[in-house]
Amino acid sequence: MASSLNLSTAAAERIAKIAAKQGKPAVLRLSVEGGGCSGFQYKFDLGEPEADDMVSETGEVKLVVDPVSLDLVAGSTVDFVESLGGAAFRVENPNAAAGCGCGSSFGI
């Protein structure tokens, strides 16, 4: 199950920088909440893994997801992209049937 989520190298590097600045461990928590323009929205936080979390590692950086959210994001890749419009974490979610233009919400 460790391969059901992936963290890109670009995302891992960005998380490591953010965590170092904040003096926190390099652990990105991805969760899914109801809301957003497409039904569900992604939420990102820095935090420690919990006992029932799925953990994926890229180098020294961990991506953790709780079991409820994992059902909605299994098989996804979290990436960090920079463009003329700004910089953001993006989730490439194969389970999403619909999404919004900003990439922060999705529908199943």
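This is a predicted model: local features need pLDDT of at least 70, side-chain atom pairs count only at pLDDT 80 or more; totals for chains, interfaces and linings use all residues.

Colleague: Which way does E2 run against E5?

Modeller: Strand E2, residues 27-34, runs parallel to E5, and 4 bridges join them. Within that pairing, Arg29 has Val64 in E5 as its bridge partner.

Colleague: And how many bridges are there between E4 and E5?

Modeller: There are 5, and strand E4 (residues 54-58) pairs with E5 in the antiparallel sense. Thr58 stands opposite Val61 in E5. E4 and E5 make a hairpin with 2 residues between them.

Colleague: What's the phi of Gly59 in that turn?

Modeller: Gly59 has a positive phi of about 65 degrees.

Colleague: Back to Arg29. Which residue does Arg29 form a salt bridge with?

Modeller: Asp53, with the closest N and O atoms 2.5 Å apart. Arg29 is in strand E2 and Asp53 is in the loop between E3 and E4, so this pair links distant parts of the chain, 24 residues apart.

Colleague: Are Arg29 and Asp53 buried or exposed?

Modeller: Both Arg29 and Asp53 are buried.

Colleague: How many salt bridges turn up in the whole structure?

Modeller: A search of the whole structure gives 3. One of them joins the side chains of Lys43 and Glu33, at 3.6 Å from N to O. Lys43 sits in strand E3 and Glu33 in strand E2, 10 residues apart. Lys43 also meets Asp45 in a salt bridge, at 3.7 Å from N to O.

Colleague: Switching to rings. How many aromatic pairs does the search find?

Modeller: It finds 2 across the whole structure. Phe44 and Phe89 form a tilted pair, 5.6 Å centre to centre with 35 degrees between the planes. Phe44 lies in strand E3 (residues 40-46) and Phe89 in strand E7 (residues 86-92), so the pair ties together parts 45 residues apart in sequence.

Colleague: Which residues make up the aromatic cluster?

Modeller: Phe44, Phe80 and Phe89 form one cluster. Phe44 is partly exposed, with a relative accessible area of 27%.

Colleague: What order do the strands take in the sheet that includes E7?

Modeller: E1-E6-E7, an open sheet of 3 strands with mixed pairing. Strand E1 (6-7) and E7 are the edge strands, each pairing on one side only. E1 and E6 run parallel, joined by 2 bridges, and Leu7 has Val78 in E6 as its bridge partner.

Colleague: What lies across E1, E6 and E7?

Modeller: Helix H1 (residues 9-22), running at about 80 degrees to E6.

Colleague: Last one: where is Ser76?

Modeller: Ser76 is in the loop between helix H2 (67-73) and strand E6 (77-83). Ser76 is buried, with a relative accessible area of 0%. Leaving aside neighbours within four places in sequence, its contacts include Ser4, Leu5, Val91 and Pro94.

Notes:
Residues are numbered from 1 along each chain as its sequence is written. Side-chain values use heavy atoms; hydrogens and water are left out. Rings of Phe, Tyr and Trp (its six-membered ring) pair if their centres lie within 6.5 Å; planes under 30 degrees apart count as stacked, over 60 as edge-to-face and the rest as tilted. Buried means under 20% relative accessible area, exposed over 50%, partly exposed in between (1.4 Å probe, protein chains only). Two strands pair if DSSP finds at least two bridges between them. Contact means heavy atoms within 4.5 Å. Axes are lines fitted to C-alpha atoms, for helices over the stretch in contact, and angles run from 0 to 180 degrees between N-to-C directions. A salt bridge is a side-chain nitrogen of Lys or Arg within 4 Å of a carboxyl oxygen of Asp or Glu.
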